[in-house]
Amino acid sequence: MRKSINGLSLIVSEQFGHDPFAGSIFVFCNRSRDKLKILYWECNGFWLYYRRLDNRRAMLPHEIPGLLSP
């Protein structure tokens with residue numbers, strides 16, 4: 001969780017092959033899933049949201065019932 005806007009946008013473009021300026025939301029979490037960073041481009045700049053979860057862990061999409069249909 002050391003990366004900031006520049007590092008996260010490079011991950012999005014180089015490793016994921018997506019355009020970080022397309023208006024999509026990209027969510028990053030640490031191994032223990034108690035810290036989240038959300039990267040979002042809005043018309044003239046990036047938003048970087050940081051969230052620390054107390055006494056909880058973030059659920060991954062495949063762990064949420066009914067979110068992804070087979």
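Contact, as used in these legends, means heavy atoms within 4.5 Å. The model is predicted, so that local features need pLDDT of at least 70 and side-chain atom pairs count only at pLDDT 80 or more, while totals for chains, interfaces and linings use all residues. Residues are numbered from 1 along each chain as its sequence is written, and side-chain values use heavy atoms, with hydrogens and water left out.

View A. Helices are DSSP runs of H or I with at least four residues, strands are DSSP runs of E with at least two, and both are numbered from the N terminus. Not counting residues up to four places away in sequence, Ser-9 touches Pro-20, Leu-39 and Phe-46. Ser-9 is buried at 11% relative accessibility (buried, under 20% relative accessible area; exposed, over 50%; partly exposed, in between; 1.4 Å probe, protein chains only). A polar atom of the Ser-9 side chain lies 3.0 Å from the backbone oxygen of Asn-6.

**View B. The largest nonpolar core.** Its 6 residues are Leu-8, Ile-11, Val-12, Phe-26, Phe-28 and Leu-39 (a nonpolar core is a set of buried Ala, Val, Leu, Ile, Met, Phe, Trp, Tyr and Cys residues joined through side-chain atoms within 4.5 Å). Helix 1 (5-15) and strand 1 (25-29) each supply at least two residues of this core, and helix 1 gives the most, with 3 residues.

**View C. Contacts of Phe-26.** Neighbours within four places in sequence aside, Phe-26 is in contact with Val-12, His-18, Asp-19, Pro-20, Lys-37, Ile-38 and Leu-39.

**View D. Cys-29 and Cys-43.** Cys-29 is partly exposed, at 33% relative accessible area, whereas Cys-43 is exposed, at 68% relative accessibility.

Methods
A polar contact is a pair of N or O atoms within 3.5 Å; within protein, one must be able to donate a hydrogen and the other to accept it, and residues adjacent in sequence count only if both atoms are side-chain atoms.
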